[in-house]
Amino acid sequence: MTDHDHSPTIVLNGARHELPGATSALDLIAEVTGRDLNPDGTPADGGRLGIALAVDGEVIRRGAWSHCTLADGHTVDIVTAVQGG
Amino acid sequence: MTWTIDDVEMSSRLVMGTGGASSLSILEDALVASGTELTTVAMRRFDAESRDSVFTMLQRLGIRVLPNTAGCYTARDAVLTARLAREALETNWVKLEVIADEDTLLPDPIELFAAAEELVLDGFTVFAYTNDDPALAKRLEDAGVAVVMPAGAPIGSGLGILNPHNIETIVSRAQVPVILDAGVGTASDAALAMELGCAAVLLASAVTRAHDALAMARAMALAVEAGQLAAGAGRIPKRPLALASSPFDGMVAAQ
């Protein structure tokens, strides 16, 4: 059995999440938010995304999302603004 | 008169938080009625169910966001939350909140100070939510925070300003703006904060949890303006006895 035989599984916002295969942070955020994204992480519709991403407790800058490949066992948090304070 | 932080000029001295509202539409009405130009938000995990977000609404209303680190107990968590907020909301401004326990929600001074130092070094404009302690306020200012925000009373308590003397002391010694944060229950509390010399007042629950949020938002806007005018107007000194305001000359007397 090789690594290619099973899909990578990450912990996404506290829950197990199976990835379809090699997935970048950009792909994951587009999927989760339901918005099309440019390679630099900005929304294709020209609006603002209001989303940030941390992998294993480290913030990944928007411009680096497309180069960040998520691997088995990664803990990924996707956050946004909510009412508070 | 306007006030400025980081070259950003604001007219309203009421900073209204978005917490505690029962719906986004009530919140929107209250924010508009308050006239606020700056509002706090918290950072939490994205939930696909709530795509109609507060961030979208604030962009539409043209109100600047001040992300907070609410719920953090350690400097480490607060710094991570601040960095996530900077990335998500594209702002260097952060309301730094590091609490000691969930019953009082009072700031943990040790963790707060450590986080403030790290965030200042990292280029953040730090609005430090702190205790009503003049010594700690001064230490935070020396560490480079942009704004010192002492609590009038515990968050959401509505107890008003429990130690006006300390707030006045903090204001008198600060070279940075002081915003009274937390504890405001009603309009007179907000007016008092301004009379004590604060640059602005930050509140949320007092409006969002009021029976009529819209009316209270308007009341707070007026109170902040009234308090600021009064602070600059030069109040009369307090006296132990009366000082007549009508002349005694020319009085008529009964036969």
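**Helix H1(B) passes helix H2(B) in a right-handed crossing.** A crossing is right-handed if the near helix is turned clockwise from the far one by less than a right angle, and left-handed if anticlockwise. The model is predicted, and local features need pLDDT of at least 70, side-chain atom pairs count only at pLDDT 80 or more, while totals for chains, interfaces and linings use all residues. Residues are numbered from 1 along each chain as its sequence is written, and chains are lettered from A and ligands numbered from 1 in the order in which they are written. Helices (H or I, at least four residues) and strands (E, at least two) are DSSP runs, numbered from the N terminus. H1(B), residues 24-34, packs on H2(B) at an angle of about 30 degrees, and their axes are 11 Å apart. Axes are lines fitted to C-alpha atoms, for helices over the stretch in contact, and angles run from 0 to 180 degrees between N-to-C directions. The two helices, H1(B) and H2(B), are therefore roughly parallel to each other; angles under 35 degrees count as roughly parallel, over 145 as roughly antiparallel, 65 to 115 as roughly perpendicular and the rest as oblique. From H1(B), the residues B:Leu24, B:Glu28, B:Leu31 and B:Val32 meet B:Val54, B:Met57 and B:Leu61 of H2(B). This contact of H1(B) with H2(B) has six nonpolar residues, no polar ones and one charged. Ala, Val, Leu, Ile, Met, Phe, Trp, Tyr, Cys and Pro count as nonpolar, Asp, Glu, Lys and Arg as charged, and the others, Gly among them, as polar.

**Chain B touches chain A through 29 residues, which are in contact with 21 residues of chain A.** Contact requires that the C-beta atoms of two residues, placed from the backbone, lie within 7 Å. On the side of chain B that touches chain A, two or more residues come from each of strand E4 (38-45), helix H2 (54-61), strand E5 (64-67) and helix H3 (75-89) of chain B. The residues on this side of chain B are 17 nonpolar, seven polar and five charged. Strand E4(B) also pairs with strand E7(A), residues 75-83, in the antiparallel sense over five bridges. Two strands pair if DSSP finds at least two bridges between them. In this pairing A:Val82 stands opposite B:Ala42 in E4(B).

**Strands E4 and E5 of chain A form a hairpin with two residues between them.** Strand E4(A), residues 51-55, and strand E5(A), residues 58-60, run antiparallel and are joined by three bridges. A:Val55 stands opposite A:Glu58 in E5(A). At the hairpin, A:Asp56 takes a positive phi near 50 degrees. Five bridges also join E4(A) to E7(A), and these strands run antiparallel; here A:Ala54 stands opposite A:Asp77 in E7(A). Chain A as a whole has one helix and seven strands, which follow the pattern β-β-β-α-β-β-β-β along the sequence. Its C-alpha trace spans about 45 × 30 × 20 Å along the principal axes.

**Strands E6, E7 and E8 of chain B form an open sheet with parallel pairing, in the order E6-E7-E8.** Strand E6 (93-96) and strand E8 (147-150) of chain B are at the edges with a single partner strand each, so one side of each is left without a neighbour in the sheet. From one strand to the next, the twist averages 15 degrees. E6(B) and E7(B) pair in the parallel sense over four bridges, with B:Trp93 opposite B:Thr125 in E7(B). Four bridges join E7(B), residues 125-130, to E8(B), and B:Phe127 stands opposite B:Val147 in E8(B). Helix H4(B), residues 109-121, lies across E6 and E7 of chain B and runs at about 170 degrees to E7(B). Strand E7(B) is mostly covered, with five of its six residues buried. A residue is buried if 20 or more other C-beta atoms lie within 10 Å of its own, exposed if 12 or fewer, and partly exposed in between, with C-beta atoms placed from the backbone.

**Strands E3, E10 and E9 of chain B form an open sheet with parallel pairing, in the order E3-E10-E9.** The edges are strand E3 (14-16) and strand E9 (179-181) of chain B, each with a single partner strand, so one side of each is left without a neighbour in the sheet. The twist averages 20 degrees from one strand to the next. E3(B) pairs with E10(B), residues 200-203, in the parallel sense over three bridges. B:Met16 stands opposite B:Leu203 in E10(B).
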